[in-house]
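Thank you for making time for this; I would like to walk through one structure with you, going from its strands to a pocket and then to a single residue. Please keep the display open while I talk.

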Amino acid sequence: MKRYQQLFASALIFLPLLFSCYSEIDMENFRGEPKLVLNSAISPDTIVMASVSRTLFFTDTGRFEIIADAKVELSVNGVFAEQLQWDAAAGLYKSTCSPKSGDRIKLAVTTKYGTVWAEDVIPSEVKIEHIDISSREIFDQTGWIPDGNGNMTEVGKTEVKYQITFQDDATTANYYLIRIENANPANMVGNLDYSLDPVFIEQESIINSIFAGKTINGQGGRAFSDKIINGQLYTSVITETQSTDMYNNPYLPSLQRIVSLYSISESYYHYLLSLQRASDANEMINLSSYGLAEPIRIYSNINGGTGIMAVSRRFSMPVDLSPLFPNHE
């Protein structure tokens, strides 16, 4: 009892100190000047378009401000090409031209908030040589359904393996984004995993320090460099997994896939890598919240502001999974 009395007395002594730790902070004292935000995805597949807005302070509750009266100038290979026109319906500035591989593209934006600019070169196309597919059924005791007698029956999954072969150019440093999509935009592919491919394992080890057999996700695609494959005829390996019934049922989603290999600029690669780091950090304890790691900053190549001018060149190849699942026909 005496020990509990001592603890209670100690708590009473420290109680005033706890209340004295609070103070009011006026966050408006930390509000800075807004920055211009320029976002533009540029490729030979379409005309040059751009979105212009400004940053918000984190206590602001309104939507970001789209700027409709900016002066957006496009230059190609150091020569002024045209001023982009505002499209109110799309909320974008649009040009009339599509760039080519090797073109150096520059966007310069002037508004009441100041001027920003970005410049980058459209990469060359890298073709997919061929794609090999195979499948295997998995029973890992993660899915069960009751049968007609009330007994639980394990539901199998099927893993489809994509082996995507392409030739890397040894004369330059190259950066890529690889993506697998359903040919029908209304349907999704199964769960994608990139953990069988050394280019993604090496990247994951850099991001998370330790890679111990975990899956590497990326439903919207995953970026990588040619650091460990420079100049090789390389085969990238990606798996797609979902319920076997989803592949075999003819009334369920399409088995037609589109595999795309994007050649991307170095700055676009660093932007995507920072997004991947941020996404991966959300799936684990964020040590930066405790002051134990650097907070993740999203990369930007916009001079004088923020955002991204993302340049790329895409090569796509269709893949039909139907031969692997004759019951789907």
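Let me begin with terms: two strands are said to pair if DSSP finds at least two bridges between them, and the helices (H or I, at least four residues) and strands (E, at least two) are DSSP runs numbered from the N terminus. What you see is a predicted model, in which local features need pLDDT of at least 70 and side-chain atom pairs count only at pLDDT 80 or more, while totals for chains, interfaces and linings use all residues. Residues are numbered from 1 along each chain as its sequence is written, and side-chain values use heavy atoms, with hydrogens and water left out.

Strand 17, residues 256-264, pairs with strand 18, residues 306-320, in the antiparallel sense over nine bridges, and within that pairing L261 has F315 of strand 18 as its bridge partner. Strand 17 also runs antiparallel to strand 13, residues 175-182, to which eight bridges join it, with E181 standing opposite I258 of strand 17. Seven of the nine residues in strand 17 are buried, so the strand is largely enclosed by the rest of the structure; buried here means under 20% relative accessible area, exposed over 50%, and partly exposed in between, with a 1.4 Å probe and protein chains only.

Now to a separate sheet, an open one of four strands in the order 9-12-16-14 with antiparallel pairing. Its edge strands, each pairing on one side only, are strand 9 (128-138) and strand 14 (191-193). Inside this sheet, strand 12, residues 157-167, and strand 16, residues 233-243, are joined antiparallel by 11 bridges, and K161 stands opposite T239 in strand 16.

Which residues does Q242 contact, leaving aside its neighbours within four places in sequence? Q242, which lies in strand 16, is in contact (heavy atoms within 4.5 Å) with K157, T158, G190, Y247 and R257. Q242 is itself buried, at a relative accessible area of 16%.

Finally, the lining of the second largest pocket has seven nonpolar, six polar and three charged residues, where Ala, Val, Leu, Ile, Met, Phe, Trp, Tyr, Cys and Pro count as nonpolar, Asp, Glu, Lys and Arg as charged, and the others, Gly among them, as polar. I will stop there and take questions.
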